[in-house]
Every structure is written in structure tokens, then in C-alpha cells.
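Visitor: I would like to take a close look at a single part of this model, the place where the chains meet. Please describe it in one connected account.

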Amino acid sequence: MYLEIRDLHKSFGSGDSRCEVLRGISCGIEKGHICVLLGPSGSGKSTLLNIIGGIETADSGSIGIGGQKIAAMSQRELSLYRRKHLGYVFQSYNLIPNLTVKENIEVGAYLADKPLPTEDILKTLGLWEHRDKVPSQLSGGQQQRTAIGRAIIKNPDILLCDEPTGALDYKTSKEILDLIERVNKKYGNTVILVTHNDAIKRMADRVIRLRDGAIRSDEENTEKLGAMQLDW
Amino acid sequence: MKNPLSRRLLRELRQDIGKYIALFLFLTLTTGFISGFLVADGSMVRAYDESFEKYNIESGHFILEDKLPDETRAKLEAAGVSVHELFYKEATLDNENTVRIFKNRSEVNRADVLDGCLPESEGEIAADRLYLENNGLTIGDELAGLKITGAVALSDYSALFKNNTDMMLDANKFCVAVVTPETFDEIDENIHLCYAWLNNDKTLSDEQCRDKSDELGEILAADCGISDIVERSENQAISFTGEDMGSDKAMMTTLLYVVIVILGFVFAITTRSTIEQESGTVGTLLASGYTRGELIRHYMAMPVIVTLIAAVIGNVLGYTVFKDVCAGMYYHSYSLPTYVTVWNAEAFVKTTLVPCVLIALTVYLVLWRVMRLPVQSFLRHDLRVRKKQFVPRLKAGSITERFRKRVILQNRSAYITLFIGILFANILLLFGLIMPPVLDNFKTEVLETKFADYQYILKTPTLTENESAEPFCLASLEYDDEEISVYGIKADSKYADFSYLPAHRDNILVSEGFLEKYGLSAGDKITLHEKYGEREYTFNVFGTADYAAGLAVFMDKASFNENFDLDMRFFNGYFSNERLTDLDPEAVSTVITEHDLTVIADQLNDSMGFMFPLMCGFSLALYMLLVYLLSKMIIEKNAQSISMLKILGYTPREISSLYNSATAIAVGVSLIVTIPISALIMKWLFYYYMHEMSGWVSFYIAPWIWPAMLGLGAAAYFIVHLIQTKRLGKIPLAQALKNME
């Protein structure tokens, strides 16, 4: 397994208000796979994603990526780990508001030793005409595509997507999912996609369902569909 | 029902406590100091104004060569004045200081006893309080061989001008004092026959008072030999203090308002930034039915409350702590009588109401502009006032360079405020830094260009055996109401080292200060006129004389004697590097020493010296406050992006190089651009001030001041930079995960 998670525990708060969000999560994901983390609100899927991304730390358990243990890393090492291995896409895009589309993507390119060509990415994502616009001049879909561009330009080993279509309409959502799928195919990145939309599981190689901080099911999808074939 | 939003104010205060504490402290100290200054100034001005009646200050005085004949006195009294003897003797101390000694005064120009008592017995003296302080003398010590019984303020010497024509008062080397009539008679010095007059009609206007003085002058000129006649408004020893206090007040009030407007913009920009961060909430509140006015009032509340509290506490400090500090400043410069603190409504309005109104107005204007936007703009987090957004293309440079440029463009209003603030802070800093070198430079130039160690001014031509003495002629004329010394110097003078002294009677050399002050140059014609007479003299400016001690013109001695219709052998002064001990003291009018030439620099340094480091400290504090608050705002405004950059894998150092370096560039550019601008403004202000004064001191910026200003600015920025880097490091990664919608 490329990504191995072992007995992960995480809780927030203390005393009476203590809430255990992850209760002993263990799973693994193959390199180059698309893995969908499914679950209702509060199931712990975003927390799990954030721990994989090194944004939050687990109370116990371990995460290994390509043999590297995250738990033992200092803040600086975590920074380097994110820089080297991860790309992040959020529901709320989190673009730098005062940078243009091209510059936002270049912010990602700066971190990589060998970034993908910016112009190729802009064209692949359909952002070439919008490259000199700032985020506030873009639609939600265009902003999300920019966020994907920023994440993939450094050709990360793992692309972490937290509800990437949560703020988008049906058509745009499918376009974004299609984009993620194409990126996965073209560059071979491992994609972990958090969603509460059950239909999206059909584009995944692997589907992990969470409820109340525990894995309800962890199965391979043998009848994988293309993103544009999805319907909900 | 009370607006529930008001409950949020305390939370807002807690959340942004650093900003509010910094602004509060700065506002409190600024308003406190200026309130204290205005209160002290108002109280002092009142004490000064009341002193004319309280101490029966003269309407003028004249000095005669012989005692006033009874018939002339009768003529003067018939002209509507009463005449009072104000004879004095001058004792020169071992340290060359001069003590001008009067008899105890009971009728005119009475003394205010600040400490101790007036002399009652022989061998006692009460002397000027400021001189005693400056020379470390106390009651019981000796002065001019007499025992000091009290520290007094003579009402006709609130500014210790030895001669009315002096450029500056001299509270270090010149003193006035009173003794009993018996002691006065025993002092073995020349008596100066000074008479003060009081106008019987107290309602005369200033112009009528001057006319009266002219009338008395004509009566006296007809009967006696007059050495001097000075009307009260022209007497610097009386009028200088009042005029100076008035100008200080205007300067301090302007300083306060400029600081308040700058801080108003800081409040406005940071509040606007808060609205940007909370735009979703603002939009929701507007959509829920809150009016724009309610929200503007809500966001204005904290700036106005903080200003109001700071102004009130500042005023309390002003009336208690700072009033004494500021009164001490005046007492350190002038020999003022005792003052009583008076309630100053003007100071209250200027330091409490006006700052609140200025802050409220500045914040309101900025908020009104943003709050006019439609509700949807807030809900979409799009608070651009101009809908057609212009995004400049930045092609050149790496992404980090362009990133910094974008940060600067994004925060241009903050950086413009920073630029204006830094410009203002630099003007204050420059003032604090340049004055000591300006005064030192003046002293150096004066000493380098002085003709001789001693200039003896004679009443009548008197011969000396001393071979170092060289005779010269001196007259005093006026140009634009300013006294100009006219020298007639021997063509082969061994003291005045002019490369060429024109021989033609109409051609003169003019001192650099004179040329600079009145914008004259070689080839111009100038007309000088007599102070009391009507005769005018027109000369051609032939060249520049290297002489810094005063405003003067120079001509060949023969030309001088010809121009003034004097015998060719006439002279009325000696240059000498040695004391001329064989001169009859009765024949000597004045001896000008090095100290007399540099007294302006010494006195300015003495009375204002402590202000210079204070100005430097204040300007650096203002500078740091502005950089701190605006860079803090920029970091907070971009917290989401900074958090995202951390998630992407940027190190704190890289992030700091993007955001803090943008501020560093803005600060650096502001510093580099504003330093020469502030020098130009300071030069203009300096010349404006010098034009108001008699004499001239050249503007001079010591070479070390440029790097010092840059260094101080950079050091101050570096401290703020460290704080902001720490702040940047504290922004959590999870910030980006918060749903800003």
C-alpha cells in the first residue's frame, strides 16, 4: 500500500465536552488510485483528510506514505512533506484573492522542483482566457479549476480534495470531477476525495465509508464509471 | 430594545486588544501632552497678560547720557505720561557674565518674588530666577559680591535680552537683579540713566502708543542726548515671550490635528478591513433589516469610544502631569511670574471634542463609501467600490516578486496612509535630529568667520596703545524692519579677510545670511534706512562677505565715512584679539565677544535642547505604531491566504518574505522617498521661522543625518518585523479550513 493508516484516533475538546472524532481508523490506499471517503456530516472524513494532509495531528495511531511516518514529523518536516507530496483542493477554493489565475497556479509551481508547465495546466483546465483575472472575477467552477491547477501543477503524489464540488452546481460539479479524473489518469496521482455525495463513489477505485468516526465499509469499486457518466 | 450589536463591542476590543492598546496609549499621550501644553500655555499667557497691569509694566523706556532735566520731564508729563527712574548698573562677573542691577522697584516694572524675599539690607540681592537656575545658584549664595535673598522675575525682563537688538535672549550669561537703594549707591560701576514712562491713557492702541513714543523721542532729542528709546511693543525683553507663546500654541495644535487625522485613517482602514473580513455577516445583517446607518454607527463606535476615553484621560494627565512638564519648559526659557492654572475651555475643545470629531469624520467617510455597496456585494465578499476591476498585468519577475507587488497593490490605501505617516514622522524626526547640528554649524561658522576675539563699540573715538587694535566704523540701519550692521573696514584690514573690498562708495559686500534671508544676489540694489531718522542709503550688492554672526554689509572705511558724512579720521570701534585695557570704560558702549556672537545657538540649545530627543522619540513611536498597525492589518486581512500557503507547504520564512517583505518594500520606499521630501519641508519651515526672527541661521543637514534617519527607520521597522513574523507564525493551518461563507 502506498498510503497506510493504522489505528488512528482523534478527539476534540476535553472533559464533558470531549468528542471522539476518529475511533481507530485503519486502511490503505494504492498509489494512483482514486479513493472516495464517504460519510454524513460529523463522520470524521474531513478530519481524517486533514490528518493525512498534516494539517491536524492524530492523538494516536500512525500514517505512512511511501514508507514515511507523518506522526514523527516536526512542523518544518510537515511543511516539507506537504510541499513535496501533497496537493490540496477545498470546497471554498481558498485562492489568494489578490493574485491572478495564472499567479495562483504559479504559487503552487514555486514549491516544486520540476513543476508542470503552467501554460499546459491553464489550457488543460480551460482557464487560458481567464489567466489574468483575479478570483473575484471568476465563477465558482472557474475558481475551483484554478484551485485544482494550483494543486496539480507541482504534480503531487497525493491530491487531497475536501468536498471539491460542495459549492458547485450539478453541471460544474461533473466538470470538476471529470477534471480530477483526467488529472489522475494523466499524471498518476493518488486522489483522496471527501464527499457526502453518494453518487461520486462510482468514479472511485476505492470507497471508504465512515460513520461516527469509524470505518463502516472499505471496498474496491469494480464497476468504475467515468465522471461524466455520473448522475445524482 | 437596545441594539444587540453593542454587546459585540467588548468582544471586538478583546479580540483586537493589541491594536486598541497601541492606539489608546498613543492618543492618550499625544492629547495629554498637548492638553498639558495648551493649559500651561493658556495659564502662562494669562499670567503674562495680567502682569502688565499687576506689575505696572512700563509703556516704554529711554536711556539718556545725562540726567533728565526737570523742564524736559515737565514737557514729557505734559505730553500725557508719567516718568520714573529706572537707573541701573552693570557688574561684569569673573566668568564674564553680566548682572544688570536695579534698585528695588515699587512703582513700575515691579518684581514677582518666586522664592525667598526681596533684599532688605545692605549687601543683599534678589536676582532673576532663571539665571540663578542656569548657573546653579541658590538663596544664600553670592552674586556680584552680594548675598542672594530671593529668586525673582522682573516684569520687564520676561525674556532676558541684554540689548534690544540682540538676536536672542541670554539667560545663561545675562541676569537682572534688584538691591536696596543703599546697596545700589555703593556699587562701583557706571550708572545707566534709564527712565521708564507710563502712558496716562491706558486705552491707547498699539499705533497710538508708538506715536506717543515718537512724540517723546522728539521732545527728548530737542533737550538731551538719547542713547536709546524703546516703546514697549518693540522691547524684546517684554514682548518676545508673549509672541513666542502664541506661535508655540499654533504649532502644537497643528501637530495634534495632523497626528489625529493620520490615526483617523489608521482606524478607518483597519475598520474597513474588519468589515471586509466580516462582509458575509454584514450582508446578512443588512438583508435582515439592519440599516446602513446602524452598521456604520456600530463600526464607528470603537474608534470613537477609544478616542474619547484617550482624550478624557489625556486631559486629566494634561491638567496634572503634563501641565507641569510644559510649564517647566516655559520656565526653562523665560523669566515668567508665578502662574495659576486656569480652566482652558479652548484646550478642552481642541484636545477632546475636535479629535473625536476628526476621528469620527475620517472613519465615517471611509465606512460610508464601503457601506453604500449593495447587500449582494457583502454576501459575495466583494467590496470593490469600483465595479470594473482593473487588474494590472505583472509580467516581469518571479512569482514571489509579483506576489509582493500584488500585496502592495492590494493594500495600497494602507501603504498610502503609511507613506503619509512616515513623511510626517520623518519631518518630526528630522527636526529632532537637525537642530543640534544646525546650531553647532552656526556656532562653527560664526567662530570661523568672526573678525576678532573682541569688537569694541565706542561712544566716541578713543585711542588705545594696544597694537593689535584696528579701528573700524559701525552704523546700524534697517532693511525691511530688520536691523543691519553697516561696517566700514580698512581696505588692508588684518582682521576682516575679504578677498576684495570694493572701493566705490555705493558698492558693498553683503553677509551670506542677509542675501539668503532676503533672496538677494550680486548685482541687486538694496536700500537701507535709518531707524529713527528718514535718511536712506542705496547700495549695489557687489559680492558676498563670509560673515555668519549677523546680518551685515561691509564697505571700505573711507566709503563709510563719505556715505555717512563723517570725518575721514572718524571711527567708532576696534577689532582686537586682545582685551583693550587702556580704554576709558566711559567711552566704551559695548564689547562683543565670541559668546555674544554665538548666544543665539547657546540659548536655543538651552531652551529647546530637551525637545530634540523628545521629538525623535515621538516620531519613532508614531512611525512604529503606524507600521505595526498597518502590517498587522495586512497579515490579519490575508490570514486565510497565509494559512492556505502553509497548507501548500510554504515555510514561515517564505510566507514572511511574501507578506512582510511587501511591507518592508513599502516602508523602505516610503523612507527613501520621504526623507528628501521631509528635508525640503523642514527647510521651508525653518526659513519661514527664521524670517519671523531677527538675524539668520543657515539651514544645515549634517551628512550623518541621512544614514541616521534610514538607520533609525530600519531599526524601528525591524522590531515591528520581528513581532509580525511571530504573528504570522501563529496563524493556524486550520484557518483556511474555516468556512468563510
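**The interface between chain A and chain B**

Guide: The area buried between chain A and chain B comes to about 2700 Å², and carbon and sulfur atoms give 57% of it. This is a predicted model, and every value here is to be read as computed from it. The size of an interface is often expressed in this way, as the accessible area lost when the parts come together. Counted by residues, 29 of chain A are in contact with 29 of chain B.

Turning to polar interactions, 12 residue pairs are in polar contact between chain A and chain B, both residues of each pair being at pLDDT 80 or more. Salt bridges between chain A and chain B number 4. In one salt bridge, the side chain of Asp132(A) meets that of Arg393(B), with an N to O distance of 2.7 Å.

On the side of chain A that touches chain B, the elements that give two or more residues are the helix α2 (75-85), the strand β6 (86-90) and the helix α3 (101-109) of chain A. Of these, α2(A) provides the largest share of that side, with 4 residues. Sorted by class, the side of chain A that touches chain B holds 11 nonpolar, 9 polar and 9 charged residues.

Conventions: Residues are numbered from 1 along each chain as its sequence is written. Chains are lettered from A and ligands numbered from 1 in the order in which they are written. This is a predicted model: local features need pLDDT of at least 70, side-chain atom pairs count only at pLDDT 80 or more; totals for chains, interfaces and linings use all residues. Side-chain values use heavy atoms; hydrogens and water are left out. Contact means heavy atoms within 4.5 Å. Buried area is the accessible area (1.4 Å probe) that two parts lose on being put together, summed over both. A polar contact is a pair of N or O atoms within 3.5 Å; within protein, one must be able to donate a hydrogen and the other to accept it, and residues adjacent in sequence count only if both atoms are side-chain atoms. Ala, Val, Leu, Ile, Met, Phe, Trp, Tyr, Cys and Pro count as nonpolar, Asp, Glu, Lys and Arg as charged, and the others, Gly among them, as polar.
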